[in-house]
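Dear colleague,

Please find below the structure that I am handing over to you. My findings follow directly after it.

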Amino acid sequence: MPEATRLLNDARFSLDAADDEPTRGPRGIQSVEVGGQLLKVLARTGRRMALKDLAREAEMTAAKAHPYLVSFCKLGLMEQDRASGHYGLGPLAIQMGLISLQQADPVRMAIAELPALAQEVGYTVSVAMWSGQGPIIIRVEEGPTHVYVAMRHGTPASLRHTATGKIFAAFGDPARIAPLLQAEGHSLDEPEFAQELEAIRASHLSVVENQLLSGVSALAVPVFDGFGQLVLAIAAIGPSVTLTLDPAGLPTQKLQAQARQLSQRLGAPSTLAEA
């Protein structure tokens with residue numbers, strides 16, 4: 001009987017100890033994760049690299065990296081240039097990337113993130129895309145700070161007077177932008193507007209304060225696809241007295257972080273996704 005009691009106590013202790021252990025994620029294959037760092041380096045740099053440089057960027061020795069490169073080349077994930085000996089992404093990696101681009105739906109991806117983004121930013125947020133009539137808002141998610149503005153799904157965005165519209169004016173095709181701007185009574189050649197668009201291209205941030213509506217301000221950021229093309233604009237709108245337009249402010253930081261994440265998932269070049 002004492003032995004049975006001891007065994008029961010040991011079992012209880014084991015269960016308690018298991019409850020105290022931190023939750024672990026799914027178990028993976030370490031060697032795959034290690035070798036994957038080499039693929040990440042090539043994807044990040046976007047160029048062919050020598051073995052020693054590739055290994056250094058992946059934080060491993062050339063001797064350790066080489067067997068992985070041989071296997072990746074056999075699979076078609078990498079290929080080695082015969083003349084220089086440098087390694088680059090192979091045909092299988094390119095095929096996988098193209099298939100991923102075909103499967104990616106930027107609208108669906110962005111809409112799924114809006115509810116959480118509205119709460120993080122603290123204001124109403126929206127997603128807009130290009131249509132034959134110019135930028136159009138396709139989704140609005142109200143935040144904890146309400147703004148009484150007639151902004152609904154399907155609302156067009158002025159290219160000259162809205163933060164969303166200015167994103168499209170800055171990164172869109174001038175041949176498509178110019179006629180629509182002319183219809184608004186404006187031009188891409190206006191010195192002040194041209195200077196503002198240059199600043200937007202540099203900062204990836206568009207800001208309007210009491211411009212279209214008194215007492216209402218907004219800021220917007222671009223989302224790019226795998227071909228480096230602008231596909232969406234994400235914006236936040238709120239009362240001018242409370243919405244900070246500071247590039248270092250929380251709303252801007254949250255919007256830009258979300259735009260970077262979406263751009264990366266869509267395969268945008270690092271120079272655009274990380275801007």
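Glu59 is found in the loop between H3 and H4; helices (H or I, at least four residues) and strands (E, at least two) are DSSP runs, numbered from the N terminus. Although Glu59 is not a glycine, it has a positive phi of about 60°. Its relative accessibility is 75%, so Glu59 counts as exposed (buried means under 20% relative accessible area, exposed over 50%, partly exposed in between, with a 1.4 Å probe and protein chains only).

Please note that this is a predicted model, in which local features need pLDDT of at least 70 and side-chain atom pairs count only at pLDDT 80 or more, while totals for chains, interfaces and linings use all residues. Residues are numbered from 1 along each chain as its sequence is written, and side-chain values use heavy atoms, with hydrogens and water left out.

The protein as a whole has 11 helices and 7 strands. Of its 275 residues, 36% are buried. Among the contacts (heavy atoms within 4.5 Å) with a separation of 6 or more, 53% come from residues 24 or more positions apart.

The 16 residues of H2 should span 22 Å at 1.5 Å a residue, and the end C-alpha atoms of H2 are 23 Å apart, which agrees; the expected span of a helix is 1.5 Å times one less than its number of residues. The buried residues of H2 are Gly35, Gly36, Leu38, Val41 and Leu42. Their cover includes helix H3 (51-57), H4, strand S1 (78-80) and strand S2 (87-89). Just after H2, Gly46 takes a positive phi of about 70°.

The axes of H2 (residues 30-45) and H4 (residues 62-75) come within 10 Å and cross at roughly 85°, which makes H2 roughly perpendicular to H4. Axes are lines fitted to C-alpha atoms, for helices over the stretch in contact, and angles run from 0 to 180 degrees between N-to-C directions. Angles under 35 degrees count as roughly parallel, over 145 as roughly antiparallel, 65 to 115 as roughly perpendicular and the rest as oblique. On the H2 side, Ser31, Val34, Gly35, Gly36, Leu38 and Leu39 meet Lys64, Ala65, Tyr68, Leu69 and Phe72 in H4.

Helix H9 (residues 191-203) has 13 residues, which should span 18 Å at 1.5 Å a residue; its end C-alpha atoms are 19 Å apart, which agrees. In H9, Phe193, Leu197 and Ile200 are buried. These residues cover an arc of only 55° around the axis, which puts them on the same side of H9; the arc is that of the directions from the helix axis to the C-beta atoms. Helix H7 (163-171), helix H8 (174-183) and strand S5 (206-209) are included in what covers them. The face of H9 turned away from its buried side carries the exposed residues Pro191, Glu192, Gln195, Glu198 and Ala202.

His204 lies in the loop between H9 and S5. Its phi is near 55°, a positive value in a residue other than glycine. With a relative accessible area of 7%, His204 is buried.

Finally, Ile137 lies in strand S4 (residues 134-141) and, at 5% relative accessibility, counts as buried. Ile137 and Val127 are 10 residues apart in sequence and 5.8 Å apart in space, C-alpha to C-alpha.

With kind regards
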